[in-house]
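Please consult the sequence and the coordinates alongside the text.

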Amino acid sequence: MPDLLIEFGCEELPSSACREILEQASGLATQALTAARLPDGAVTVWVAPRRFAIHIAGLPETREGRAVSHRGPAEQAAFGPDGAPTKAAEGFARSQGLTAADLVVREDQGRNFVYADRDEPAVAVSDLVPGVAAAILDGIRLGKTMRWGDGTGLRFSRPVRWIVAKLGDKTVPFTLHDLVAGDVSQGHRFLGAPTAIASASSYRDDLRAQGVVADQAERRAEIVAGLDAAATAEGCAWSDPGGKLAEVLFLVERPSVIVGDINPDHLRLPERVLVTAMQSHQRYFPLTTPDGALHPRFLAVSNGDPAHAAVITRGNAGVLEARLQDAAFSFDRDLEAGLDALDARLDSIVFHKRLGSMAQKRDRLTNIAELIALKAGLDATTATTAARAAQLSKVDQGAVLVAEFAELQGEVAGDYAELWGESTDVAQAIREHYLPQGPGSPLPTSGAGQVVALAEKIDSLTGAFYVNEIPTGSKDPYGLRRAAAGLTRILLETGWEIDPQTLFSATADDLRTSGADLILDDETALPHLKSFLADRLAFHLSEEGVDAESVAAAQGADVGGVVATARWAKGIAAARDTEGLKTAGTASTRLVRLAAKGPDGGAFVSAADADEDALHHAITVAGPLVEAAREHADVEVALADLVPLVSAVDRFFVDVMVNSDNEAARARRYALVREARDVFLRVADFTKLTDGSAR
């Protein structure tokens, strides 16, 4: 049972493409094996910058033959009245490699059809390898691709230069995209040479002899061991705050760790500037001393010849030095200008052509932060801190340093605020106001930071929706889904009973006051915002095991903001299997459907009809009880309060003809239906539930 090895050699692949290949190749190989009727043995994928390889364990040398039968057209369509084959029969036979005379007729489910029966011979597995290789290479979908040569062939991340195919120790030659598969692979660009792969099982050893660690797991282990050893030798610990190890892993084929120097004068820069320069631009790893201070040396992973480590290190240190000199120059210019001058620059920076300047956004954030603090019932100190942080949160938009390091916006504002005498609490809130930045991103930890982060997201969402730049499909250039998800997470984390709709509305008023050129009005924009936020809440709760229908039913009850709706949705989900919810759902759905068919009208006015008055009495009793249950956020009690109303509705539908010929009676009865419906809707939109409670 030989192993199969297929290697595709490329020009240096970006790390993102390497990760995409690693995610896809195994599944494509398994699909190709299934299509070729081969056993899907253990599939392993190895990816390095200049190559990716698929290793499949334990394939037979021959695929056994089999008898196959394919059904064709019906007998009456295959043969004419004289028994001669029709064009349909001839075409079908041709497609099967047979003649019409070879077709046989068999019955299938009471009808006669023609069949093509033939023996499929055994096939050498080596003859199937080209199809497997093509399915893998052609099946990979990469985010960015290119063409090369005459531009008519394969689209891939980088040009594919060679193919190796080994079945056991046998080479499998074939041609794919003008490349002839053989047994010769390429070694490390500097440390190796072309090498013949002896067998599928010797692939990694053959390449290691030519300076290539093909297995990414082995490569990662070597990198980590090298970083650990170098850090220990410095008496420090290495860190990877930007997650660059995952990228470096696919930038080197034979890793070696180097240690470079940082000019100690640059340690006066904010630590995040130093770390960002090391990580974002150069993929270096910072070192920290046991007391947590940044060490004036860095670690880097080289793909070069270790014999020339000194030259490589000087080059890496020189590149970092140039970056840090630029950062120091920018930092000094900002310090020379001062906080007030940086803040004054916001007047001339356009936030959005319809929404005004960055200074106007700053002022809106301050107003929103004050409103949030008030509605959340925060103490005066936290409210004052949040307002000051909001006022300074955009000061770095006018800083030269942020023009150099855009990813540090917020961080730089916090550092500058602290440098110019603001409290550490204000600085922390400024640094936190962009959080969370994604699903796994941490939330703000300070009360003031939570306020300013909410204000930032409220302003961004309101502005974009009111100028009709609402995300559609996968397009979300302003990260509004991320903002809405962050807003949801912060409110759920804090438990603040704030309805975002009030904040959206207040922000829209601020926009209008400042002269923003809005496209949508409140009647259009606010429902869009509500729906958009509802989707984010539903997604968040789904990860906690709350089903989407329960969330939609709770949102229909309009119990309040994010926190109240989440709590109510969990209550509905917990009651899904109860008889009380199901009977309430049945009654409510009947009321909703009937009300939709009837005329609009006013409130019910009694006409001394006992059946009508009985339902009206049940409505007037249940309504206040339901409101009290809503106040206490108790779904179970609310459903119990509906039980007498459910009985009254059932009796009403039995005893009363709602669509009376008497116009006055019909109007009264439809008014009752609407009023009863509204009481049920204060508990849930039962029409969103499909488990029998909505039928």
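Are Glu247 and Lys244 buried or exposed? In this predicted model, both Glu247 and Lys244 are buried. Their side chains meet in a salt bridge, with an N to O distance of 3.7 Å. Side chains of opposite charge can pair when their charged atoms come close.

One network of salt bridges links Arg204, Arg208, Asp215, Glu218 and Glu222. Within this group, Asp215 lies in the loop between helix 5 (203–208) and helix 6 (216–233). Asp215 counts as buried because its relative accessibility is 9%, under the 20% cut-off. Leaving aside residues up to four places away in sequence, Asp215 touches Trp46 and Arg204.

A further salt bridge joins Asp415 and Arg431, whose closest N and O atoms are 2.7 Å apart. This pair links distant parts of the chain, since Asp415 belongs to helix 14 and Arg431 to helix 15, 16 residues apart. Asp415 is buried at 16% relative accessibility, whereas Arg431 is partly exposed at 24%. Helix 15 (residues 424–432) has Val426, Ala427, Ala429, Ile430 and Glu432 as its buried residues. These buried residues pack against helix 12 (380–392), helix 14 (411–419) and helix 16 (447–466).

Finally, Arg567 and Glu497 form a salt bridge in which the closest N and O atoms are 2.5 Å apart. Arg567 lies in helix 21 (residues 562–574) and Glu497 in the loop between helix 17 (480–494) and helix 18 (500–513), so the pair ties together parts 70 residues apart in sequence. Arg567 is partly exposed at 37% relative accessibility, and Glu497 is partly exposed at 48%.

Notes
Residues are numbered from 1 along each chain as its sequence is written. This is a predicted model: local features need pLDDT of at least 70, side-chain atom pairs count only at pLDDT 80 or more; totals for chains, interfaces and linings use all residues. Side-chain values use heavy atoms; hydrogens and water are left out. Buried means under 20% relative accessible area, exposed over 50%, partly exposed in between (1.4 Å probe, protein chains only). Helices (H or I, at least four residues) and strands (E, at least two) are DSSP runs, numbered from the N terminus. Contact means heavy atoms within 4.5 Å. A salt bridge is a side-chain nitrogen of Lys or Arg within 4 Å of a carboxyl oxygen of Asp or Glu.
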